Amino acid sequence: MQIYCEDSLLYAREFFADWGQLHFFSGRTVTPSQLKDADILLVRSTTRVDAEMLSHCPNLKYVGTATAGTNHLDIQALKSRGIAYGSAAGCNAIAVAEYVVSALFALAQTQGWQLLDKQVGIVGAGHVGSQLHNKLSALGIRTLLCDPPLAAQGDKRTIVDMDAIMACDIISLHVPLVEQGPYSTRGLFGPQRLAQLSDNQVLINACRGEVVDNQALLALYRQGRKFTTVLDVWENEPDILTDLLPYVALASAHIAGHTLEGKARGTWMLYQQVGELLSLPVELPLEAVLPDPELAAMTIDEVEQAQLAKLVFGVYDIRQDDQLFKTQVSQPGQFEYIRKHYAIRREFAALQVSAGNSVLKKAICGLGFASKAANS
Ligand SMILES: NC(=O)C1=CN([C@@H]2O[C@H](COP(=O)(O)OP(=O)(O)OC[C@H]3O[C@@H](n4cnc5c(N)ncnc54)[C@H](O)[C@@H]3O)[C@@H](O)[C@H]2O)C=CC1
Ligand SMILES: O=C(O)C(=O)[C@H](O)COP(=O)(O)O
């Protein structure tokens with residue numbers, strides 16, 4: 001079996017090498033003719049799988065993306081060719097939620113906030129939005145969820161509309177890129193909605209760049225608007241609007257989902273899918289490939305913002321990503337380079353925390369850290 005795999009799939013060899021001959025390619029530069037022998041095609045978000053590409057691959061039985069987003073796959077074309085396909089829904093939801101948590105603690109320090117005074121509006125209450133809601137709720141931070149498609153499907157949670165979201169102190173976007181239809185998200189934050197943001201509001205985009213109109217954002221900043229933005233994703237990646245950089249409080253190279261666990265889980269989910277499709281033995285558990293974390297255990301004795309910030313930054317400090325991005329990304333090729341050479345980042349669960357009492361323990365575990373037994 002010929003398995004063609006984008007070179008950014010973490011642990012592809014460990015999961016797939018026993019099942020066939022593995023061939024690696026580079027996502028942005030791959031040409032359809034390179035994939036002509038593929039039985040199985042495994043990608044991440046940087047490989048576009050469209051009708052033209054599929055027309056060169058007569059043997060294809062399965063296309064899988066080890067990512068949550070699927071907007072780089074032409075689902076119609078896959079269906080009409082009768083090719084099975086799959087994604088890794090939820091694989092990196094913890095990673096993105098922790099990216100946002102780190103952003104909030106970083107902004108709280110620079111802007112002198114108490115996070116408990118803030119209300120966070122979460123747009124998109126799927127895997128990422130729900131993780132974020134759970135983590136913030138564990139700390140007592142108020143959140144609102146907006147997800148009209150889920151509301152229409154009868155989701156039992158309280159779902160608000162965009163007007164309520166626009167009144168929140170912090171707005172965090174976690175929707176897929178949807179091009180058309182009643183729930184289209186392209187330009188969800190276009191010139192009008194962006195202009196409604198007041199100078200003390202925060203907009204976070206860690207979903208897809210095209211959900212926020214970057215030119216409109218730049219125009220508002222150039223007019224002197226002072227609202228805060230955190231951008232992990234950009235329109236037209238990798239050729240992004242670098243003029244925006246000086247105005248963005250925290251900026252990064254589409255790495256919100258790039259924890260070791262998130263990437264490994266994505267590949268492992270495709271391993272499960274291919275195994276099931278082709279009745280192959282699925283024997284390797286995810287834990288078998290993950291290295292032990294090198295993080296020391298930490299202790300906390302109070303639910304106090306500065307102590308919590310130390311824990312969060314001990315695992316992931318978004319300010320380091322921001323600094324690297326802003327100093328390097330304007331040079332040619334650096335957006336992709338930063339992504340490809342991203343440092344190893346673990347999830348909060350990799351850090352064992354000793355908490356002073358049961359209330360604290362609940363908050364810490366709710367945020368995602370592992371709890372260290374008092375006598376160990
Ligand atoms: N920056 C990064 O590294 C990452 C980005 N992403 C992006 O984040 C998106 C969300 O990820 P998940 O939560 O895992 O996906 P998901 O599919 O579990 O959740 C998305 C939610 O958005 C809702 N939604 C769709 N249209 C909406 C609209 N117009 N208004 C409000 N809600 C709407 C859906 O009903 C769904 O509940 C992905 O599609 C992907 O594009 C995901 C992971 C990593
Ligand atoms: O899962 C998604 O959707 C993402 O955006 C990924 O975290 C980023 O995927 P790659 O660009 O690294 O394939």
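Strands β1 (residues 2-6) and β3 (residues 40-43) run parallel and are joined by three bridges. Within this pair, Ile 3 is placed opposite Ile 40 of β3. Helices (H or I, at least four residues) and strands (E, at least two) are DSSP runs numbered from the N terminus, and two strands pair if DSSP finds at least two bridges between them.

The model is predicted: local features need pLDDT of at least 70 and side-chain atom pairs count only at pLDDT 80 or more, whereas totals for chains, interfaces and linings use all residues. Residues are numbered from 1 along each chain as its sequence is written, chains are lettered from A and ligands numbered from 1 in the order in which they are written, and side-chain values use heavy atoms, with hydrogens and water left out.

The β1 and β3 strands belong to an open sheet of five strands with parallel pairing, in the order β2-β1-β3-β4-β5. Because β2 (21-25) and β5 (84-86) stand at the edges with a single partner strand each, one side of each has no neighbour in the sheet. On average, neighbouring strands of this sheet are turned by 15° against each other, direction ignored. Helix α10 (residues 260-278) packs on the sheet and touches β3, β4 (62-65) and β5; the direction of α10 makes about 165° with that of β4. Contact here means heavy atoms within 4.5 Å; axes are lines fitted to C-alpha atoms, for helices over the stretch in contact, and angles run from 0 to 180 degrees between N-to-C directions.

Another loop, between β10 (228-231) and β11 (250-251), contains Asn 236, whose phi is near 60°.

The residues around ligand 2 include Arg 44, Thr 67, Asn 92, Arg 208 and Arg 339, a residue being near if one of its heavy atoms lies within 4 Å. Oxygen atoms of ligand 2 lie 2.4 Å from a side-chain N or O atom of Ser 45, 2.7 Å from a backbone N or O atom of Ala 68, and 2.6 Å from a side-chain N or O atom of His 254. The protein buries 93% of the 350 Å² that ligand 2 exposes when taken alone, with accessible areas from the Shrake-Rupley method and a 1.4 Å probe.

Note on methods:
Polar contact = N/O pair within 3.5 Å; in protein donor to acceptor, adjacent residues only side chain to side chain.
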